[in-house]
Amino acid sequence: MKAAIFKTKHNIVLETNKAVAPPTAKEVLVKVDTCGVCGTDIHIFDGEAKASPPVVLGHEFCGTVEKVGLDVSTIAPGAWVAIDPNIHCDSCFYCRKGLINLCQNLRAIGVNLDGGFAEYCLVPATQVYQISDSFPHQWGALAEPISCALRGIERAQIRSGESVVILGAGNIGLIMLQLAQIAGAGRLVVVEPLPERRQIAQQIGCDGTIDPKTSDAEEQIQQMTGGGADVVIECVGKTEAATMAVRIARCGGRIVIFGLAEKQDSLRVNLQDLFYRELSILGSILNPFTFQTAIQLLNSGKIRFDYYKTQSFTLEQIQRAFAAHREGKYHKIFIKPNI
Ligand SMILES: [Zn+2]
Ligand SMILES: [Zn+2]
């Protein structure tokens with residue numbers, strides 16, 4: 001089969017004759033339909049995030065079951081599936097407390113084990129989730145980002161009617177916007193510098209959008225939320241956005257830092273401000289026990305992707321796909337290994 005192998009920093013090689021191993025007893029062989037390019041893939045490619053090379057990257061993917069191992073009874077060949085790439089160990093301190101996203105021995109498909117930038121991928125049956133094939137197939141590749149966003153929503157604990165501000169209207173921002181709607185948000189505001197992205201957020205449904213570059217952006221947000229947001233979800237991964245998140249939260253507000261910032265970035269918070277306003281600043285990582293809900297949401301058709309701008313590439317074009325991701329003109333870049 002064809003597979004894009006990450007060897008070292010800035011070095012991905014397309015192998016055309018990689019052997020496809022048959023599944024062992026508890027494994028499933030998946031024929032990859034679509035694999036999303038994620039910031040994590042780019043960080044690994046740039047040598048800024050850890051992986052276990054040589055390895056096939058790509059952890060946001062869906063496809064059809066080709067073969068199953070002898071002991072697999074949960075899924076059958078031909079099924080349309082999405083893959084949860086995060087494999088926890090079940091026996092470390094955190095796993096034993098149910099905090100599987102903090103597993104100390106976590107291994108991820110597409111990071112430490114061969115992933116979706118290949119025609120086929122062998123995965124443990126525990127990571128395979130059947131999905132409806134009633135919507136365009138490529139959206140199945142968004143099950144993983146939806147599952148991570150669901151963790152962010154859990155951390156935010158939105159109560160019905162609360163005001164929510166989403167910072168950033170890229171792929172994750174637009175997913176968060178829709179999850180916040182579903183969670184019962186009242187006033188919903190999206191902050192995004194690019195006008196075309198603000199327009200799409202508006203089409204998907206929010207009460208207002210704001211350009212953070214306008215001088216009175218924060219006053220506008222205060223006004224639209226009636227004195228500050230109950231919940232702010234930061235989906236940018238930059239110090240300026242996190243700083244704004246703290247400033248626009250109302251007393252008692254929860255701030256979820258969801259975007260992954262650069263290593264050197266940090267946030268300065270005035271301690272008296274934190275104390276008197278009783279703010280909660282929360283992290284959110286991976287997708288503990290949220291993948292099944294992500295599948296339910298996808299199947300329900302409640303999350304809309306019809307406004308998304310996407311572009312698809314073949315495996316041979318993976319370098320171009322990475323470049324397109326960096327350019328940031330699209331909500332999602334897809335690799336279609338079997339085209
Ligand atoms: Zn990802
Ligand atoms: Zn563990």
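**View 1. Protein donors of the zinc ion (ligand 1).** In this predicted model, the zinc ion (ligand 1) has C38 (SG), H59 (NE2) and E60 (OE) as its protein donors, which lie 2.1 to 2.3 Å from the ion. Along the chain, these donor residues have the spacing C-x20-H-E. Both H59 and E60 are buried.

**View 2. Four cysteines at the zinc ion (ligand 2).** C89, C92, C95 and C103 each coordinate the zinc ion (ligand 2) through SG, at 2.3 to 2.4 Å. The site is tetrahedral, and the angles among its four donor atoms are 102 to 117 degrees. For comparison, the ideal angle for four tetrahedral donors is 109.5 degrees. The sequence spacing of the donors is C-x2-C-x2-C-x7-C. C89 counts as partly exposed because its relative accessibility is 25%, whereas C95, with a relative accessible area of 8%, is buried.

**View 3. The largest nonpolar core.** This core has 48 residues, of which I146, V164, I166, I233 and F305 touch the most other members. Elements that each supply at least two of its residues include β6 (80-83), β11 (164-167), α4 (171-182) and β14 (229-234). α3 gives the largest share, seven residues. Domain 1 (3-136 + 305-335) and domain 2 (150-283) each contribute at least three residues to this core.

**View 4. Surroundings of I146.** Leaving aside residues up to four places away in sequence, I146 touches I175, L179, A294, L297, L298, I303 and F305.

Definitions and conventions: Residues are numbered from 1 along each chain as its sequence is written. Chains are lettered from A and ligands numbered from 1 in the order in which they are written. This is a predicted model: local features need pLDDT of at least 70, side-chain atom pairs count only at pLDDT 80 or more; totals for chains, interfaces and linings use all residues. Side-chain values use heavy atoms; hydrogens and water are left out. Donors are N, O and S atoms within 2.8 Å of the metal (3.2 Å for Na, K and Ca); water is not among the atoms, so sites may look incomplete. Four donors count as tetrahedral if all angles lie between 85 and 135 degrees; four count as square planar and six as octahedral if opposite donors are over 155 degrees apart and all others between 65 and 115; anything else is irregular. Buried means under 20% relative accessible area, exposed over 50%, partly exposed in between (1.4 Å probe, protein chains only). A nonpolar core is a set of buried Ala, Val, Leu, Ile, Met, Phe, Trp, Tyr and Cys residues joined through side-chain atoms within 4.5 Å. Helices (H or I, at least four residues) and strands (E, at least two) are DSSP runs, numbered from the N terminus. Domain bounds come from an automatic or database domain assignment. Contact means heavy atoms within 4.5 Å.
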